[in-house]
Amino acid sequence: MSSKEKPTLGGTRIKPRKRNITAPLDPAAFADAVVQIYLDNAGDLELVAKSIESSDLNFSRYGDTFFEVIFTGGRTQPGTIKPDEGDRHSYSIIDCEATREAILPSVLYIQKILRRRPFLIKNLENVMRRFLQCLELFEDNERKKLAIFTALTFSQKLSGLPPETVFQPLLKDNLVAKGLVLSFITDFFKEYLKDSNIDDLIALLKKGKMEDNMLEFFPTAKRTAEGFSEHFMKEGLASLVEYNQKKIFDVKLKEMKSALKTQIEEEVDISEVIDSMKQQVKDSNMPDIEVVRLLWDVLMDAVQWSGKNQQQNANAALRQVKTWAELLNAFCTSGKLELELIYKVQVQCYEDAKLMKLFPEIIRSLYEQDVLAEDTILLWFRKGSNPKGRQTFVKSLEPFVKWLEEAEEEE
């Protein structure tokens with residue numbers, strides 16, 4: 001008999017592949033459970049936080065819903081702030097008083113939750129972005145609460161919340177046109193500056209890409225430097241007004257320096273340069289002292305310096321003074337402005353090693369070109385207030401001052 005195994009008809013059994021079966025979304029049940037935790041603990045956020053931490057709720061699926069409950073007391077309808085069906089509690093941010101003392105505990109509570117569940121920061125972003133885009137649906141008092149909460153999230157350094165989440169959604173045309181954004185951002189600034197200084201606020205605006213665009217918070221009709229100053233000064237935010245004015249001044253100063261530098265390089269006729277500068281000064285409302293400082297800076301920057309060759313540097317500086325003396329003369333129209341020019345020369349010669357020994361020669365050249373009066377030079381020599389290199393420069397200027405005094409006695 002054959003020892004071969006007989007064939008069978010059994011075949012190979014293939015195991016069916018398991019499917020990933022996802023439970024259907026049920027945000028209503030999740031929201032009701034969170035609301036119940038609030039109600040069970042009578043809104044005590046310390047106890048609420050402990051209950052949240054020990055719960056087995058699915059925060060990764062319902063993070064947005066969780067923050068809706070924190071902000072409004074329950075679920076909201078998609079795309080709005082209107083209440084949806086389900087249970088609600090009265091301990092939300094919107095339900096509390098519009099004060100720092102009432103809202104800060106909620107910020108600290110959220111901070112505690114985020115430390116344990118950092119992934120929820122994205123859900124906080126989502127909900128804040130949606131609420132900020134729906135500002136018109138809130139009452140005035142509710143918008144103020146939202147502004148205070150938002151400011152506290154940054155002043156308390158709520159981990160991971162990017163500033164653009166707050167500032168960019170605000171720039172909807174209809175919200176800006178109604179003045180809602182300006183009102184919100186004003187409350188935000190006022191609250192934020194209680195804990196932080198103006199430099200911190202500007203750094204925050206810079207991160208949110210709004211430092212150079214603060215006028216976009218204003219309705220079109222009020223979108224001017226004057227409107228900015230008037231509004232925030234009235235609201236008691238003088239430091240913000242001062243910052244903005246300085247920023248505008250710096251921009252104008254930079255533009256004027258650039259224009260003058262170009263004219264010098266192109267050797268434009270000096271009378272044309274003077275007329276152009278006078279018009280720019282008038283348009284920009286630039287203080288006379290700043291104009292004198294600007295002129296000296298640009299003139300000296302335009303000099304072709306020669307490394308360590310002291311004599312060539314001296315010749316170049318004195319040649320520049322002589323060439324553009326008429327320009328300096330046109331704007332040094334008083335003893336006060338002449339004294340400011342001397343201070344400017346003094347500081348530059350003190351800070352720039354190659355100019356250290358040129359101070360008396362420059363002053364003498366300015367005198368000879370009728371830019372500086374004798375009285376102004378003697379005033380600086382006897383009572384000058386700027387200490388930078390003063391002793392050295394006074395000593396180096398002694399021979400010239402002695403000559404001036406002798407000439408005055410002879411007359």
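**Helix packing and salt bridges in a predicted model**

The axes of helix α17 (residues 335-351) and helix α18 (residues 359-368) come within 10 Å and cross at roughly 155°. Axes are lines fitted to C-alpha atoms, for helices over the stretch in contact, and angles run from 0 to 180 degrees between N-to-C directions. Helices are DSSP runs (H or I, at least four residues), numbered from the N terminus. α17 and α18 are therefore roughly antiparallel, a term for angles over 145 degrees. This is a predicted model, in which local features need pLDDT of at least 70 and side-chain atom pairs count only at pLDDT 80 or more, while totals for chains, interfaces and linings use all residues. Residues are numbered from 1 along each chain as its sequence is written, and side-chain values use heavy atoms, with hydrogens and water left out.

The structure holds 22 salt bridges. Each is a side-chain nitrogen of Lys or Arg within 4 Å of a carboxyl oxygen of Asp or Glu. Arg116 pairs with Glu53, with the closest N and O atoms 3.1 Å apart. Arg116 lies in helix α4 (residues 100-116) and Glu53 in helix α2 (residues 45-54), so the bridge ties together parts 63 residues apart in sequence. Arg116 is exposed, at 54% relative accessibility. Glu53 is partly exposed, at 26%. Buried means under 20% relative accessible area, exposed over 50%, and partly exposed in between (1.4 Å probe, protein chains only).

Within helix α14 (residues 288-301), Arg293 and Glu290 lie three residues apart, about one turn of the helix. Their side chains meet in a salt bridge (2.8 Å, N to O). Arg100, Glu191, Lys194 and Asp195 are linked in a salt-bridge network.

Key: Helix = DSSP H or I, 4+ residues; strand = E, 2+ residues; numbered from the N terminus. Parallel < 35°, antiparallel > 145°, perpendicular 65-115°, else oblique.
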